[in-house]
Amino acid sequence: MKFFKPDQYVIYYKGYPKLYIRVKPIFWWLKKWSSFFFILREMTSLAVGFYAIVLILMINAINQGPEAYAEFQTWLKSPISMALHLLALALALYHSITWFNLAPKAMVIQIGTNKVPGFIISGLNYGAWVALSALLGWFLLN
Amino acid sequence: MSSKITLEVFRYNPENDEEPSFQSYEVPCNKDWVILDALNYIKDDLDGTLSYRWSCRMGVCGSCGMMINNEPILTCAAFLKDYLPGPIRIEPLDHFPVVKDLIIEMSDFVEKLKRVKPWIIREEEPSLSEGGYNQTPAQLAAYKQYSMCINCMLCYSACPVYGLEPEFLGPAAIALAQRYNYDNRDQGKKERENVISQDDGIWQCTFVGECSAVCPKNVDPAGAIQRYKVESTTNWWKSVLMPWGNK
Amino acid sequence: MKKSNEPFWWALFGAGGTLSAFFIPILLFLYGLAFPLGWLAEPSYEELRSLLASPITKLFLFALIFLSLFHWAHRFRFTLYDGLQVKHLNELIAVICYGGALFGTLAAGWILFI
């Protein structure tokens, strides 16, 4: 099924009267596991956006008083909130893992003729993640 | 060890065909044969009309790239026995127009390579009497990885962004630009910046990473692109926040 | 050629991705699952209120929300463009994504600082 013909190839028709152009199907990302996981990685942004909105709603509830916050807490206990949060947590974790694994690609440090191995940079990021989470967790629980 | 394996090969003859078709060939499955050997066997003994590109047969020329079971691979590097029991589907490289059979039209790729000015740019050339440029091993190491590209176009076939937006500059071209940007002999970074830091340059890349995954020479074009994104962003913010710097 | 303005959005995307990668999992786990399910003792309303009054908390939460929203906007915009190939709606999608993120940011600024 051809539904998009790139016009750029027209200039190369000189000498080649009948180039065959294959078009990427709209569900190209379902053809390979690597493509699927790429789109999944990009979809983690929905979880990030979702939680930003939840935070806005939570802060708003706190601002409006204890009854509003209690209502918000009740919603948090509902099955739909639980399901959304569970899904969002899975996606957020996938985002964090893929983000820290890719960090060394953007930040290359050369010492002499060698480059600092990727796992060190990733490792430092993971370490910071654990430390910051523990710090925040401890702070909120006390 | 079975003695035969089937290859399903993409056929397209622009003189006769409106649509491509697949033709099956049975080739002997010798234990040290690569897919290129199988294709040569087909051309020599079974069907002389099959057309495809190849040259060095040892992974340095970049001519024999094709889609093997939907993965862009150099056919001189893919062993038949790894694909047993078969059949093996052989198609021309994705994201390029097909000229005939397994041959693709690559002018777009060549034009993009030229666009990034892949040569040493200097404000002033030193005279011959001053001798050549000397480089320490560390200076060489800064760009060596990006110089290993054999222009095989597997990365363009793997890149979904290039497949969906053909105006994208592409992994190999940007890695080539970086090869010169990180070369201490070169002074042309600013000139190249106008070419690569465009909406159809690095900013179209969404860091899928497939380009680096399929590269037979470990050039890591995805890394080259991400490093340039960081650098270009830093430069952009510097020029916005501190516009008194020289342009 | 005209200078691209993508670095602006990409910087927000990168900062948002980093902040969200560090802080969203723990916050989501605590406030979305652990506290509602009673696995851990949650802070009282008064404690939360006094926490929110602190300028450091306000700034941190504002930065987290602002950058997370723009991280989503940039990434989602490109995913729609590549994954669903809605090229012809490119301008509209950009406006909806970045506009939506801006709206959320303004809302966060309002409830945090005003």
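In what order do the five strands of the open sheet in chain B lie? The order is E2-E1-E5-E3-E4, with mixed pairing; strands are DSSP runs of E with at least two residues, helices are runs of H or I with at least four, and both are numbered from the N terminus. The model is a predicted one, in which local features need pLDDT of at least 70 and side-chain atom pairs count only at pLDDT 80 or more, while totals for chains, interfaces and linings use all residues. Residues are numbered from 1 along each chain as its sequence is written, and chains are lettered from A in the order in which they are written.

In chain B, strand E2 (21–28) and strand E4 (71–74) form the edges of the sheet, each pairing on one side only; pairing requires at least two DSSP bridges between two strands. Strand E3 (residues 65–68) of chain B runs antiparallel to E4(B) and is joined to it by four bridges. Within E4(B), B:Leu74 is the bridge partner of B:Gly65. Helix H1 (residues 35–46) of chain B packs on this sheet, where it touches E1, E2, E3 and E5 (contact means C-beta atoms, placed from the backbone, within 7 Å).

In chain A, helix H3 (residues 79–106) packs against helix H4 (residues 118–141) at an angle of about 140°, the axes being 7 Å apart; angles run from 0 to 180 degrees between N-to-C directions, and axes are lines fitted to C-alpha atoms, for helices over the stretch in contact. Residues of H3(A) in this contact include A:Phe100 and A:Pro104, and those of H4(A) include A:Ile121 and A:Trp129.

How values were computed
Two residues are in contact if their C-beta atoms, placed from the backbone, lie within 7 Å.
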